[in-house]
Amino acid sequence: MAMGPDVVRIAAVSDIHYAKDSHGALQPLFGQITESADVLILAGDLTDYGLAEEAKVLARDLTTTVKIPVVAVLGNHDYESGQVAELVKILADAGVRILDGDTFETHGVGFAGVRGFCGGFGRGALGAWGEPIIKQFVHEAVNEALKLESALARLRTDHRIAILHYAPIRDTVEGESPEIYPFLGSSRLEEPLSRFDVTAVFHGHAHKGKPEGATSKGIPVYNVAHQVLKACYPDRPAFRLFEVRTTVSHTDGVTPIADRRHWGRRSTDRGSAAQQPQEENPSPS
Ligand SMILES: [Fe+2]
Ligand SMILES: [Fe+2]
């Protein structure tokens with residue numbers, strides 16, 4: 001396994017759904033992440049109801065435990081209470097980079113993030129046709145894809161990592177009820193990923209989905225929903241850990257690290273007891 005300053009370790013998890021009473025819930029997990037990774041990705045649904053109070057609980061747990069950069073997108077739950085601006089400010093004050101069509105670079109790796117949107121996949125994707133409300137719905141997905149494209153275009157790093165909440169492909173939502181696939185993501189998000197040949201994509205939202213898939217061009221897509229990780233890897237802490245080799249071509253991609261013997265050794269090295277989040281609504285997560 002490659003080690004050294006040319007290797008950057010990325011930890012990723014999403015859908016942690018912090019609630020008012022979650023204080024300390026993920027501190028053991030955050031502690032393991034800080035010991036093992038150079039940067040942490042949180043792919044949305046950071047809070048359960050999108051309440052500022054919930055964000056404060058999360059901010060406290062992050063600031064006391066996580067000592068590496070945190071880069072995040074918001075999820076649909078973070079919008080629920082109409083307190084997005086306050087929520088973003090609380091998390092930004094805690095050092096979290098919330099991406100909404102923005103970019104972040106660290107250790108030579110670039111990150112572009114958007115929430116994304118739904119509308120379905122492939123031939124089943126909803127088209128902008130008919131009633132104005134349908135066009136408006138589809139426009140939201142198109143707009144998120146455009147924001148992602150423009151963020152990716154601004155990155156000058158060899159490695160470009162995309163962070164979404166909604167899935168860009170069908171593969172990683174499989175396991176959910178087929179009836180709700182159209183509400184779990186949108187194929188419109190896939191096109192910018194291929195155009196900018198991203199190294200890897202991380203998303204959440206599909207709590208019962210599949211942990212790994214790939215775009216039609218072979219770009220790896222990881223569903224890092226906390227619930228998926230707990231179900232699929234019950235013998236590991238509920239986050240994924242990846243290595244990116246910054247000195248080689250992006251086509252070398254990212255390598256998931258499954259062997260726990262290699263955890264706890266941060267590669268750049270400069271220098272679950274977790275509470276179950278509240279149950280999702282039966283509607284999409
Ligand atoms: Fe969600
Ligand atoms: Fe969720």
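1. How many bridges join β1 to strand β11, and do the two run parallel or antiparallel? Six bridges join β1 to β11 (residues 240-245), and the strands run antiparallel. Strands pair if DSSP finds at least two bridges between them. Arg-9 has Glu-243 as its bridge partner in β11. Strands (E, at least two residues) and helices (H or I, at least four) are DSSP runs, numbered from the N terminus.

2. This is a predicted model, where local features need pLDDT of at least 70, side-chain atom pairs count only at pLDDT 80 or more, and totals for chains, interfaces and linings use all residues. Residues are numbered from 1 along each chain as its sequence is written, while chains are lettered from A and ligands numbered from 1 in the order in which they are written.

3. Strand β1 (residues 7-13) is mostly covered. Seven of its seven residues are buried (20 or more other C-beta atoms within 10 Å of the residue's own, with C-beta atoms placed from the backbone). Val-7, Arg-9, Ala-11 and Val-13 point one way, and Val-8, Ile-10 and Ala-12 the other.

4. β1 also joins β2 (residues 39-43), through four bridges, in parallel. Ile-10 stands opposite Val-39.

5. Now the helices. The axes of α2 (residues 52-65) and α3 (residues 84-93) come within 9 Å and cross at roughly 10°. Axes are lines fitted to C-alpha atoms over the stretch in contact, and angles run from 0 to 180 degrees between N-to-C directions. The two helices are therefore roughly parallel to each other (angles under 35 degrees).

How values were computed. A residue is buried if 20 or more other C-beta atoms lie within 10 Å of its own, exposed if 12 or fewer, and partly exposed in between; C-beta atoms are placed from the backbone. Angles under 35 degrees count as roughly parallel, over 145 as roughly antiparallel, 65 to 115 as roughly perpendicular and the rest as oblique.
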